[in-house]
Amino acid sequence: MKRNEEKSNRRTFLKTGVAIAGGVVAATLVKPFTGVVLATEKPSGDHPWYGIGIDIEKCIGCGNCASACKMENPVPAEPFYFRNWVEQYTVKNDGTVKVESPNGGIGGFKQTIPDEEIFKSFFVPKMCNHCAKSPCSQVCPVGATFETPDGVNLIDKSYCIGCGYCIQACPYGCRYMHPTEKVVDKCTLCYHRIKKGLLPACFEVCPTNARIFGDLNDPGSDLVLFIKDHSCRFLKPHLNTVPKLYYNALEEEVR
Amino acid sequence: MPDQIKRLLVAFVIFLAIFLLARFLLIPESFGELGHYRAEAIDDVSAYPLKHAGSEACKECHNDVVEELSYGFHADLACEGCHGPALRHAMYSEMADPENYPDSLKLLRPVERETCARCHDLNASRVKITGDSTDISMVHMVNVNEHNHFVFDETNEIIRCVECHFSHSP
Amino acid sequence: MEHHFQRLYEVLTQVQGYIYPNEVELYWSVLIVLYPYITGLVAGAFILASLERVFNVKVLKPTYHLALLTALAFLLIAVMPLVSHLGKPLRAFEIMMTPNPTSAMAIFGFIYLWYLMVVLLLEIWFDYRRDMILWLQTAKGFKRFLYQVLTLGSRDLSPKALRFDDKAGYIITIIGIPSAFLLHGYVGFIFGSIKANPWWSSVLMPVIFLFSAMVSGIALVMMVYMVVSKIRKITSDINALDTIAKFLFYILIMDFALEALDQVHRIYEAEESFDILHLLVNGKLFMSMFIFQIFLGTLVPLATLAVFQFYKPVEKIRRTIYFIISVLVLFGIFFMRWNVVIGGQLFSKSFYGFTAYKNQFIGAEGYLMAWFWFLVPFAILAFLLWLLPPWKKHEELEAQE
């Protein structure tokens with residue numbers, strides 16, 4: 001008799017357990033299904049698809065862009081954290097290449113190599129390329145970094161766990177771990193500005209119009225015309241990250 | 001079914017129930033709407049505070065400067081490139097007392113040599129050599145360490161660029 | 001924070017050439033070196049145990065249960081270096097709730113859970129169920145409570161139930177072998193799939209990680225067996241040791257061959273990243289790669305074990321040498337992980353320069369923390385050996401019809 005009691009107790013327990021589990025499963029299915037969206041196609045229609053153009057022939061290395069970014073956005077002031085920066089390339093006559101970026105270019109540059117030894121030199125502003133097939137959002141384990149429908153790559157700071165995988169995956173070095181927030185940070189293309197019809201801060205303060213911002217979906221935008229009129233290249237195209245940062249006059253030495 | 005399997009199954013079902021409950025409670029509401037991320041994050045980022053105003057905002061009040069600028073090479077420069085982010089200044093200056101103007105609203109007036117040197121110092125990287133070997137550059141350049149490097153005897157300070165060059169229309 | 005920046009300024013003075021400004025700080029520290037090391041030990045120890053269970057290598061019987069318990073002790077700790085390294089450890093549950101299907105790291109939660117629950121815990125449960133029920137009869141206090149909980153109330157000692165235990169253990173071990181491969185192979189894939197980093201991005205990476213894991217796991221079991229025997233004041237079975245050493249030799253050859261292939265291929269193709277990597281290996285990684293990993297960790301054990309195939313010295317000397325070899329191998333494989341993880345971050349992705357890795361003893365990611373996470377599993381192992389002593393297991397009953 002005791003055995004039968006045990007058996008029926010066990011049976012009731014199992015039944016209740018399964019009922020509870022089944023109810024929870026049903027409830028979770030009612031919630032939105034997590035789809036996987038890989039942004040490989042340029043979305044058509046009236047969605048903007050933001051992109052960036054940088055004209056290396058026009059950049060004079062004043063560093064306004066780098067310092068404006070740190071003033072507009074909460075980026076730590078120390079020289080280890082940059083959402084954008086400027087590099088100075090000096091190719092000497094003997095073929096060696098010297099690259100420097102003192103404090104990211106904030107405060108300008110000095111040229112220490114004498115003119116006679118210089119074969120070529122130029123400035124290259126760098127920032128997040130807002131790749132269409134970004135490796136950073138591919139590797140994020142929790143979905144804290146992503147591409148918006150309008151083509152801007154953002155970080156969800158309240159969801160990021162700070163594992164740093166995206167920093168390893170970015171080929172362009174534009175991500176960093178915020179020292180106090182302990183989550184990853186990077187250029188947002190001043191999303192808070194562009195959504196209000198303003199320019200990103202770095203584009204705003206450039207004195208020579210070396211930086212062009214625009215909508216790749218709009219055939220009349222400054223950016224599309226810039227790409228049409230100039231011979232533009234990406235950084236590290238062989239990695240197929242499909243960047244949206246078009247450089248004019250990008251030299252071979254630039255990485 | 002063997003006794004061991006029954007017991008293990010019970011343990012497993014309990015674990016699964018806890019896991020599903022956790023999923024139900026812990027996954028954020030808007031997750032998955034637009035992709036594998038929390039859709040509300042886009043709104044979070046859009047709500048960040050603005051700091052730069054844009055030159056148009058400056059020109060609304062400072063008509064005199066607009067006129068000065070129109071005479072020279074600096075006509076198309078962004079005001080905030082030298083003067084720093086100006087949104088708060090633009091928004092609250094009207095209400096401020098001109099006699100007792102609060103420091104927190106004042107903008108930079110960078111008149112030091114270093115400021116001008118950022119763009120105008122002699123630097124080979126600013127020279128673009130065209131096909132017919134004509135050097136062109138976006139800016140006029142001087143060697144900041146040598147050009148009119150006059151030192152005042154009393155203060156031992158170097159004369160500033162703005163003493164001779166008018167910053168808004170150089 | 002000031003202290004943190006002070007260290008970074010010091011690193012800045014040691015930068016060679018040009019690095020992207022954000023690359024000054026190395027984000028994946030010694031704790032990230034420790035994680036693949038520990039999961040490797042787990043996978044390797046389990047595979048050694050499976051040799052006895054599935055492939056009937058009877059001579060390894062003395063080490064079978066020890067290997068399983070060692071694997072469990074290390075697996076319980078494996079996740080800790082990762083979680084303690086996170087910027088936001090309290091959000092770690094998000095990996096289980098919203099794992100990104102395109103991210104190798106997201107699989108971690110499920111593979112880890114699968115391996116822990118289905119493979120290790122179940123295997124050990126089926127293996128020890130009978131013994132726990134029998135020990136329950138004489139145990140007292142805390143131990144008795146633990147046995148009551150762990151048996152899940154099961155009291156069935158019939159021959160049918162025991163046969164079922166045996167069969168279940170066998171099947172789980174078979175499932176466990178590919179699971180062990182997956183547990184450590186995916187770690188290799190985490191690195192091998194990063195196209196941005198040419199030191200990591202390689203098809204061979206998961207395979208190399210796996211074979212070096214097996215090597216380290218086998219060496220660990222060998223070492224633990226000798227130490228535990230010493231503590232229990234009994235002689236370790238020399239035949240078991242000889243067989244373990246033989247397997248160590250074979251897998252070490254495979255591991256060395258794979259690593260050599262990776263490097264030869266890299267040197268031969270000499271594509272874009274080769275120049276900076278060449279400087280890396282001959283400069284900052286010289287000590288940890290050539291001396292620690294290759295010479296001490298691979299060549300010395302390989303040569304010794306090769307000699308043993310032809311000439312075996314007397315038992316006493318053999319034991320000592322086996323112990324030394326197992327320590328050397330454990331040392332060398334740790335530095336293999338170091339060279340991959342730290343080495344991959346020392347050079348700039350611009351291929352124009354190097355940064356430096358400065359770490360301290362104290363601190364959330366310091367060496368003391370790393371040693372702590374490495375030593376805690378031994379304490380857990382001691383506890384498991386107290387709770388489930390392999391040498392006190394009851395004699396196997398004759399199979400009854």
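A: What follows goes from the helix packing to the sheets, and then to the domains and the chain contacts.

This is a predicted model, in which local features need pLDDT of at least 70 and side-chain atom pairs count only at pLDDT 80 or more, while totals for chains, interfaces and linings use all residues. Residues are numbered from 1 along each chain as its sequence is written, and chains are lettered from A, with ligands numbered from 1, in the order in which they are written.

In chain C, helix α8 (residues 205–231) packs with helix α12 (residues 315–341) at an angle of about 140°, their axes lying 9 Å apart. Helices here are DSSP runs of H or I with at least four residues, and strands are runs of E with at least two, numbered from the N terminus; axes are lines fitted to C-alpha atoms, for helices over the stretch in contact, and angles run from 0 to 180 degrees between N-to-C directions. That angle makes α8(C) oblique to α12(C), given that angles under 35 degrees count as roughly parallel, over 145 as roughly antiparallel, 65 to 115 as roughly perpendicular and the rest as oblique. The α8(C)–α12(C) crossing is left-handed, a term used if the near helix is turned anticlockwise from the far one by less than a right angle, with right-handed used if it is turned clockwise. On the α8(C) side the residues that meet α12(C) include C:Ser212, C:Ala219 and C:Met226, and on the α12(C) side they include C:Arg319, C:Phe323 and C:Met336. By class, this contact of α8(C) with α12(C) has 13 nonpolar, three polar and one charged residues, where Ala, Val, Leu, Ile, Met, Phe, Trp, Tyr, Cys and Pro count as nonpolar, Asp, Glu, Lys and Arg as charged, and the others, Gly among them, as polar.

Helix α8(C) has another partner in helix α3 (residues 61–85) of chain C, whose axis comes within 10 Å of that of α8(C) and crosses it at roughly 110°. The helices α3(C) and α8(C) are therefore roughly perpendicular to each other, and their crossing is right-handed. C:Thr63, C:Leu66, C:Ala67 and C:Thr70 of α3(C) make this contact with C:Leu220, C:Val221, C:Val224, C:Tyr225 and C:Val228 of α8(C), residues being in contact if their C-beta atoms, placed from the backbone, lie within 7 Å. The contact of α3(C) with α8(C) has seven nonpolar, two polar and no charged residues.

Turning to chain A, four strands form an open sheet of mixed pairing in the order β9-β1-β11-β10, two strands being paired if DSSP finds at least two bridges between them. β9 (211–215) and β10 (232–233) of chain A stand at the edges with a single partner strand each, so one side of each is left without a neighbour in the sheet. Two bridges pair β10(A) with strand β11 (residues 245–248) of chain A in the antiparallel sense, and A:Cys232 stands opposite A:Asn248 in β11(A). Helix α7 (residues 222–229) of chain A lies across β1 (50–55), β9, β10 and β11 of chain A, running at about 115° to β9(A).

Another open sheet in chain A has three strands in the order β3-β2-β4, with antiparallel pairing. Its edges are β3 (97–100) and β4 (118–127) of chain A, each with a single partner strand, so one side of each has no neighbour in the sheet. Strand β2 (residues 84–92) of chain A is joined to β3(A) by four bridges, and the bridge partner of A:Gln88 in β3(A) is A:Glu100. Helix α2 (residues 64–72) of chain A packs on this sheet, touching β2 and β4 of chain A, and its direction makes about 160° with that of β2(A).

Chain B is divided into domain 1 (3–46), domain 2 (50–109) and domain 3 (111–170), with bounds that come from an automatic or database domain assignment. The centres of domain 2 and domain 3 of chain B, taken over C-alpha atoms, are separated by 24 Å, and nine residues of domain 2 of chain B are in contact with five residues of domain 3 of chain B.

Between chains, the contact of chain A with chain B takes 53 residues from chain A and 44 residues from chain B. The largest share of the chain A side, nine residues, comes from α1(A), and that side has 28 nonpolar, 17 polar and eight charged residues.

Terms used: Contact = placed C-beta atoms within 7 Å.
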